[in-house]
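Trainee: I would like to go through this model feature by feature. Please give the general idea each time, then the case at hand.

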Amino acid sequence: MASGVGRGPRAAAATWQPACFPTAVKKPTAKPVPAPAPLPTSRSEFYDEQKWCEHCQTYVRFLMSVNHSYCVHCGGRVRLFNHQDATRFQDHVQRHKWQAS
Ligand SMILES: [Zn+2]
């Protein structure tokens with residue numbers, strides 16, 4: 001006369017607990033640190049961009065201001081290129097402008 005326990009499978013499902021809680025999972029803490037990429041020695045200190053100084057007649061390091069950049073040696077205003085390079089650059093841009101469109 002086993003009556004009242006007609007819902008056997010359902011009762012088992014209700015008491016079943018999911019075992020997906022990751023309590024026993026350890027985090028891999030001993031991860032091998034990748035070696036830093038070897039920097040080129042010429043650029044290891046800082047960004048060594050240079051601009052043309054009309055006064056020093058060479059490409060120099062410069063100080064950035066809002067509108068202009070200034071030579072670190074003479075304090076004069078520097079430009080991105082000297083005249084020769086500027087014209088070459090302009091020419092280069094002009095030649096490639098109509099190619100792109
Ligand atoms: Zn200068």
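Trainee: What pattern does the protein follow along the sequence?

Mentor: Elements are DSSP runs numbered from the N terminus: helices are H or I with at least four residues, strands are E with at least two. Here the pattern reads α-β-β-β-β-β-α, that is, two helices and five strands. This is a predicted model, in which local features need pLDDT of at least 70 and side-chain atom pairs count only at pLDDT 80 or more, while totals for chains, interfaces and linings use all residues. Residues are numbered from 1 along each chain as its sequence is written.

Trainee: Where is confidence lowest, and where highest?

Mentor: pLDDT is the predictor's confidence in each residue, from 0 to 100. Where it is low, the predicted coordinates should not be read in detail. The protein averages 75, and 56% of the residues score at least 70. Helix α1 (residues 8-15) has the lowest confidence, with a mean of 61, and strand β4 (residues 69-71) the highest, at 93.

Trainee: What is the order of the strands in the sheet?

Mentor: Two strands pair if DSSP finds at least two bridges between them. The five strands form an open sheet in the order β2-β1-β5-β4-β3, with antiparallel pairing. Strands β2 and β3 (62-64) are the edges, each pairing on one side only. From one strand to the next the twist averages 50°, with axes fitted as lines to C-alpha atoms and angles taken from 0 to 180 degrees between N-to-C directions. Strand β1 is joined to the antiparallel β5 (residues 77-79) by two bridges; W52 has R79 in β5 as its bridge partner.

Trainee: Which residues make up the largest nonpolar core?

Mentor: In soluble globular proteins, nonpolar side chains tend to be buried together. A residue is buried if 20 or more other C-beta atoms, placed from the backbone, lie within 10 Å of its own, exposed if 12 or fewer, and partly exposed in between. A nonpolar core is a set of buried Ala, Val, Leu, Ile, Met, Phe, Trp, Tyr and Cys residues joined through C-beta atoms within 7 Å. In this protein, buried residues make up 5% of the 101 residues, and the largest core consists of W52, C53, F62, C71 and V78.

Trainee: What is the phi of Q57?

Mentor: Most residues other than glycine have a negative phi. For Q57 phi is positive, near 55°. Q57 lies in the loop between β1 (51-53) and β2 (58-60), and is exposed, with 9 other C-beta atoms within 10 Å.
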